[in-house]
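Me: Could you help me learn to read a protein structure, one feature at a time?
Reply: Gladly; let us look at it together.

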Amino acid sequence: MEKLSVVIITYNEERNIARCITGVKEIADEVVVIDSNSIDATVDVCKSMGARVIQQPFLGYTEQKNFAVAQASFNFVLSLDADEVPSTELLQSIKEIKENPQANGYSMNRLTNYCGSWVKHCGWYPDRKLRLFFKDKGSWVGGALHEKYQLKNHQEPVLLKGDILHYSYYSIDDHIMQVDKFTAISSKELADKGYCPSTLKLVSAAPVKFFRDYILKLGFLDGYAGFQISKISAFATYLKYARTRDLYRIKQQK
């Protein structure tokens, strides 16, 4: 049987981390938490639950997750975010894989809980993620956002039965704060690459995004949650490009 390291990166996750660690107890041979100097009770909770905690100032999502994987004692690794937990079906799949792994990496669908509702449309499901892997067979890649684990030689992972349950937002305010954070990061990345969106892009991107998520991707079937997600995601698209254009203009004036 392969021994499994579960690695988690955290920053001020006292609301979520106990659920995450509890949810992997039956499959984890160790839990490693890489904490970015949280100022809440995250570290105390992790230590009280038997996790090994390593403090590491945030390096960026890709770099932080590669650092986390490198701290794992075992070669077989499950990488989770603090607001995620495997479903019962996924736990069973992982148990079976530990007995006799046949691939270098395994992906799984992620099902998101938004303000108390499970979201199965809006382009949010199935949100397939490669999270179970042998750490010597790949690495995390990507820019400032949208990191992903990539196997060497672009091998395809095997899809497991079961979902990662993702407790993303507890309130609309949580969603808006995340939009503010992520659009600040993504707009800087675009501006640093010399990209300046046109006026047409600014005008059209948000309504196109809303139409795609709410109509084409059946967000309306998720009821009020689907409407809120589609509306805020459309605003996030506009904000990303508006901030990019503003940053580009400032750079040109220097």
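**Reading the model step by step**

Reply: Let us begin with Ser93, which lies in helix α4. Helices (H or I, at least four residues) and strands (E, at least two) are DSSP runs, numbered from the N terminus. This is a predicted model, where local features need pLDDT of at least 70 and side-chain atom pairs count only at pLDDT 80 or more, while totals for chains, interfaces and linings use all residues. Residues are numbered from 1 along each chain as its sequence is written, and side-chain values use heavy atoms, with hydrogens and water left out.

Me: Is Ser93 buried or exposed?
Reply: The general idea is a scale of relative accessible area: buried means under 20%, exposed over 50%, and partly exposed in between (1.4 Å probe, protein chains only). Ser93 is at 10%, so Ser93 counts as buried.

Me: Which residues does Ser93 touch, not counting residues up to four places away in sequence?
Reply: Contact means heavy atoms within 4.5 Å. By that rule Ser93 touches Leu160 and Lys161. Ser93 and Leu160 are 67 residues apart along the chain, yet their C-alpha atoms are separated by 6.4 Å.

Me: What about Arg52, and where does Arg52 lie?
Reply: Arg52 belongs to strand β3, residues 52-55. Its relative accessibility is 33%, so Arg52 counts as partly exposed. Leaving out residues up to four places away in sequence, Arg52 is in touch with Glu30, Val31, Val32, Val33, Gln71, Ala72 and Ser73. From Arg52 to Ile39 there are 13 residues in sequence and 18 Å in space, C-alpha to C-alpha.

Me: Which residues have the most contacts inside the largest nonpolar core?
Reply: A nonpolar core is a set of buried Ala, Val, Leu, Ile, Met, Phe, Trp, Tyr and Cys residues joined through side-chain atoms within 4.5 Å. The largest one here has 29 residues, and Val6, Ile8, Val31 and Leu132 have the most contacts inside it. Elements that give two or more residues to this core include β1 (4-10), α1 (17-24), β2 (30-35) and α4 (88-99). Apart from this core lies another, of 16 residues, among them Ala68, Val77, Leu145 and Tyr149.

Me: And which residues is Ile8 in contact with, beyond its neighbours within four places in sequence?
Reply: Among them are Ile17, Cys20, Ile21, Val31, Val33, Leu80 and Ala82.

Me: How do I read the backbone angles?
Reply: Most residues other than glycine have a negative phi, and most peptide bonds are trans. Asn12, in the loop between β1 and α1, has a positive phi near 55°. His154 also has a positive phi, near 55°, and is found in the loop between β10 (148-151) and β11. Asn12 is partly exposed at 28% relative accessible area, whereas His154 is exposed at 58%.

Me: Which two residues does a cis peptide bond join?
Reply: Tyr125 and Pro126, with omega at about -5°. Pro126 sits in the loop between β7 (117-119) and β8.

Me: Stepping back, how many helices and strands does the protein have?
Reply: There are seven helices and eleven strands. Of the 254 residues, 46% are buried. Along its principal axes the C-alpha trace spans about 55 × 45 × 40 Å. Among contacts between residues at least 6 apart in sequence, 73% join residues at least 24 apart.
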